[in-house]
Structure formats: C-alpha cells, structure tokens
Amino acid sequence: MRKVIRRPVIFGLIIIFIATFSMFCVSAKIRSNQFGKLNLEHHNHLTGSTILFATHWYNENPLSLGFKMYYLGKSVDSPTPDKRFVYDTYPPGTIIPIYLISVIAHTPPSPAMVMGYNLFSHFWISFLLACALFLTLRRIRFAYIGSILSAFVTSAIILFMPETMYYLQNVFFSDQAVLLPFAALIFLEAARDLVYPSKFKRTFDILQWSIIFFGVLTDWLFAFICVVLFIKRLINGQLGKTFKAFVCNTFDLAFPAFAAVAFYAAQLLTNSSDRFMKVFLERTGIDDKSGWINWFDTMVWDRYMKAGYGPWANVIIWGTFYLAAGLFLCFLAVLLIRRFRKKRDEKNEAEETMASAKNTDRSHTIENLMIISNFLMLIVFPCFMQLYAFKNHSAIHDFSIAKLSFILSTGWIILPVTLYAILRDISKLGNKTILNAVVAYAITVAVVYSASTYIHSVTPTYKAMYPPSTPEVETYGTFVRDNTGYFDVVFSPDFSVASEQHSKLCWSLKQVRQVASLADISGTMAPLPSSATVTIFIADKNNIPGWLQQFANNAFLYNQKGNMCIYKIPKPQFITR
C-alpha cells in the first residue's frame, strides 16, 4: 500500500472538523424553533418511545427490568411484567445512550435531552463520513485541497437535506440511533485500510468490536453491515492467509454480533408474546396483509425520496449503487478466475491482482478502483439490503430512507472522481502534473458548485417535514404525572392516553382511560384491589359532564392548575357510593 503523509492528513481532518462544525451550527440554528417540541404526528411517537423506555430504566434500574422496554410503569393496574406490555420487536440498544446521559446528569429523560443527543449524532455522522471520504480520496491520490472540499460537500448534504434535518433532530429511535455507529464503523474501516497491516490493528479491532456489538443491539441494519464487512475483508485478504488465521479472524469479527444477538434472544425467550415473529413476517412482506409492499416503489422512490432529498437524489443514489455493484462484480470475477486457474494458491487474491499488474499502466487503475469499491460497498450494500429485505417497513415509514443520505452524500463526489481516476491512469494524465491538477480542481469546483446549488434549492422544503404543534399534550401529561402515583387508576371524560400512544405516555407515565359513564369506570375498577384509587383528570373544569358531576361532589379535589383539575376517591368509597 502506498504511504500517505501523516501531517497533511491530520491537518485536513482538522479543517474538515472546523468546517463541519460551522455548517452544523447553521443547520441547527435553522431548525432551532422545533427543538424540544414533541408532537403527535409524523413519527414523533418514536421519540416518545425512547423517552418512555429510558424513563422506566431511570426510575427502576435497567437491570431489574432485564433491559426490556416496557410501555407502562409499575402501577396497581399494571403490577406485573405481562401487564406492562414489553416492546420486543427491536433490541434495546437505542435506549442505552439516553439512559446513560440521564444517570450522568441526574435528570429524567426529556424531549430536549433526546433531541440534543440526536443533534450530537447528526454532527458526528456528517464529520465521520466526510473524514472517511477524505481518507479514501487521498488514498487514490486525488488532489489534496480537492479532497478537503469534497469532504465539505459530504458534510453539507448530510446536514442540510430535509430528511436528515428532521429525523436527526426531532425523531429518535432505532432507525436514527443506528446511523452514528454505522458512520463510525465506516470511518474506522477507512482508517484501518489506510494503515493495514500495522501495530494499531488490535486497537482498531477493539473499537470496531464495541461498535458492532452496540450496532447490532440497536437496529437490524447492522446485521447487513456485518455481512458486507465480512465479504469486504474476505476478498481483500484481511482475514488471514492460513486456515487457522481465517477462523480466528472470522471469529473475532463475528463474536460481538453474535453476543448482541444472543443477549436479545435471551430477552425474547423470557417474553410470553409471539409478537416478534408476527411483526418480522409483516415487515419483510412475507405476510403482508396490508398490501404495503405493492406500493414500495411508489412510496420510497417517488414520494419519500423527493420529499426528503429533492428531485435528483434518485439519480445519484442509483448511479452510486450501480457503480458499487459493477466494481464489486468485476473484482469478484477476477478473484474467481485466478482461483480456478490455481495461480499462486497461497497468495491473497486481491493482493495478487494488484501485484500482477505492478509496474504496468494498469496498476494504479486497479488499485484505485479496488479502494473505491471497498469504500462504496460498506456504505451502499447494507442500505439497499435492509431497504429491500424489509419492504413493508420501508414503504410505511419515510424515516427508512434516512440511511440513504450516506449514499447521496458520498456518491455525489465518488461518481465523477471514479471516472477521473480511470481516465487519469489510462491516459497517463498523472504524469502531467499541471494538467492533472487542473482537471482535478475543475472536477472539485463542479462538484462543490452543483452540490451547493442543489442544497440551496432543496433545504427550504424542510419545513414541510414538521407536523403541527400540540403543546397541550405536554401540559396535560405533565399534570397527570405530577399528581398521580402507584395506586392511581386514571380516567378522563375529555383526554386519553393509551399504552401505544408514546408521545402522550412519555409525559403522563400513566394510562388515561377516556370514559363516558360511571359504569365504564366501575368495569375497569372491579378486578383491581381495594387499595386502588379512582382518579379523574378533567382538562376543563368549566365543562364537567353531568354524569361526572356527582362523582366530583363526592370525591376530593386533589389538585388544580388553571382549568385542569384532578379528583380522587378510594375504590371502596367509589363502589359504595
């Protein structure tokens, strides 16, 4: 592998950090009026889920809960795990960082805390991807300043697309949480390839093991990432030249993923619900009774992509996919041909391909294309694999395309640079220093200008991503939470909080059953112990229904704030009266 001078690389990374942080501040300022606001629509319930599950961990200790994600807190009407409803279709990795922040800050989870972490992730995703692109461009000897400016483009696209501006601030669950470890793995693999093999190999391994364990424990995307990472290292001869080395390195790579799967499997085995398998079959489209997979192309490629990334995103993303697939198949064919011919059986095929072309005009072309192929396959293939493996999930949820920002932001640069690298080496342009620099910087100017123009035209549409504000949910929910406890069973004539309404439940931490008669209350209270308390939440005390007025007269007013009030009466007294 050709050496890359260390100081210019480090200096370049510092410049990229400063530029990315500056752009991030602008991006965060643009949407600052939506920060901390939890609404009822456009998947805000996912943020509510994260807050809700992390709050239960914070209040009860995740060890005592088996790191499970429960909808309901422990209460007189949900005293046992089966009554609290566990969310088990995803592993619990999403909740871990929010819980740790809560513990460190000694503060319960809140929308501001979750969105703050989401913004933190947004910055680091854009920076790490930009750095990975920069290292890749330097390895193929693209112009130094051009590599830095191209990295700026990657950061800008990640930071200013409507899809990422919305979902990497206001919505946070597994599909968003997995993007930071994904970007970190891409960067570490690019850095690892830069210095491989070296004394730092074990350091990279330990970091990547940790990321793989956390990533698999967060979202199913990482299962595909691990598969692609294994294939990438296999065809590059990075799993060892002997059978023993291959087995050991494969085990090292697979162990953290299997450990995370085993941890999650243990959780599933302790649950009595069969919901996981039903949801899996539905989300993959194997048992899609809703028919959403029939609308997959329309929803994903026509509606979601245009709303989230603008009119030209499909061209860049599919172009990058075909480039990645073409390069991968070409190198795979070369390796297979050499194996069948039994040339240099003990040599690594990828190294053999480069070595055989050494000192020829094609050597640089082959090596550069291999570097680009390695970079692209780890970004492109996992995204497409998950998108199409879970077609129902992708068709229903527009946040499923957030990961495609990785392809768009890198493909915008890689597509023209790949063509440049091929023509440069074939035409021996690299030997003409001045002309080579002119062409490289011309490409850089074209890439920067086109990306800037596109971002300027698309970014203003981000406002359409944000749903209408619903501040009353926080007002009502907080009032209920502050005035209820374990023994309260909450009812209301004008407000409801169901177990699946996480945007509401994360505030109230209590179910609020909307009722229309005292008989409805009696039916719910009948199987509960006598220690339970009938608690009525009224959003507007000036509009108490007639059927509830007698109850209010017999109960005691527990608390009142503005027009909101809460009445309570012990179950035995309620039954008697």
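Q: What does Phe-406 touch, leaving out residues up to four places away in sequence?
A: Phe-406 touches Ile-125, Leu-129, Ile-158, Leu-179, Phe-182, Ala-183, Ile-186 and Ile-379. Contact here means heavy atoms within 4.5 Å.

Q: Before I go on, where do the numbers come from?
A: This is a predicted model, where local features need pLDDT of at least 70, side-chain atom pairs count only at pLDDT 80 or more, and totals for chains, interfaces and linings use all residues. Residues are numbered from 1 along each chain as its sequence is written, and side-chain values use heavy atoms, with hydrogens and water left out.

Q: How many residues are in the largest nonpolar core, and which have the most contacts inside it?
A: The largest nonpolar core has 156 residues, and Phe-222, Phe-406 and Trp-412 have the most contacts inside it. Such a core is a set of buried Ala, Val, Leu, Ile, Met, Phe, Trp, Tyr and Cys residues joined through side-chain atoms within 4.5 Å. Buried means under 20% relative accessible area, exposed over 50%, partly exposed in between (1.4 Å probe, protein chains only).

Q: Which helix gives the most to this core?
A: Helix α5, residues 111–139, with 16 residues. Helices (H or I, at least four residues) and strands (E, at least two) are DSSP runs, numbered from the N terminus.

Q: And what lies apart from that core?
A: Another core, of 20 residues, including Ala-532, Val-534, Ile-544 and Phe-551.

Q: Switching to helix pairs. At what angle do α2 and α4 pack?
A: Helix α2 (residues 44–60) and helix α4 (residues 95–105) pack at about 50°, with their axes 9 Å apart. That makes α2 oblique to α4. Axes are lines fitted to C-alpha atoms, for helices over the stretch in contact, and angles run from 0 to 180 degrees between N-to-C directions. Under 35 degrees counts as roughly parallel, over 145 as roughly antiparallel, 65 to 115 as roughly perpendicular and the rest as oblique.

Q: Which residues meet there?
A: From α2, Thr-50, Phe-53, Ala-54, Trp-57 and Tyr-58; from α4, Ile-95, Ile-96, Ile-98, Tyr-99, Ser-102 and Val-103.

Q: Which residues in α4 are buried?
A: Ile-95, Pro-97, Ile-98, Tyr-99 and Ser-102. The buried residues of α4 pack against α2, β1 (69–70), α5 and α10 (201–216).

Q: What about α2 and α5, at what angle do they pack?
A: About 110°, with their axes 10 Å apart. α2 and α5 are therefore roughly perpendicular to each other. Thr-47, Thr-50 and Ile-51 of α2 make the contact with Pro-111, Val-114 and Met-115 of α5.
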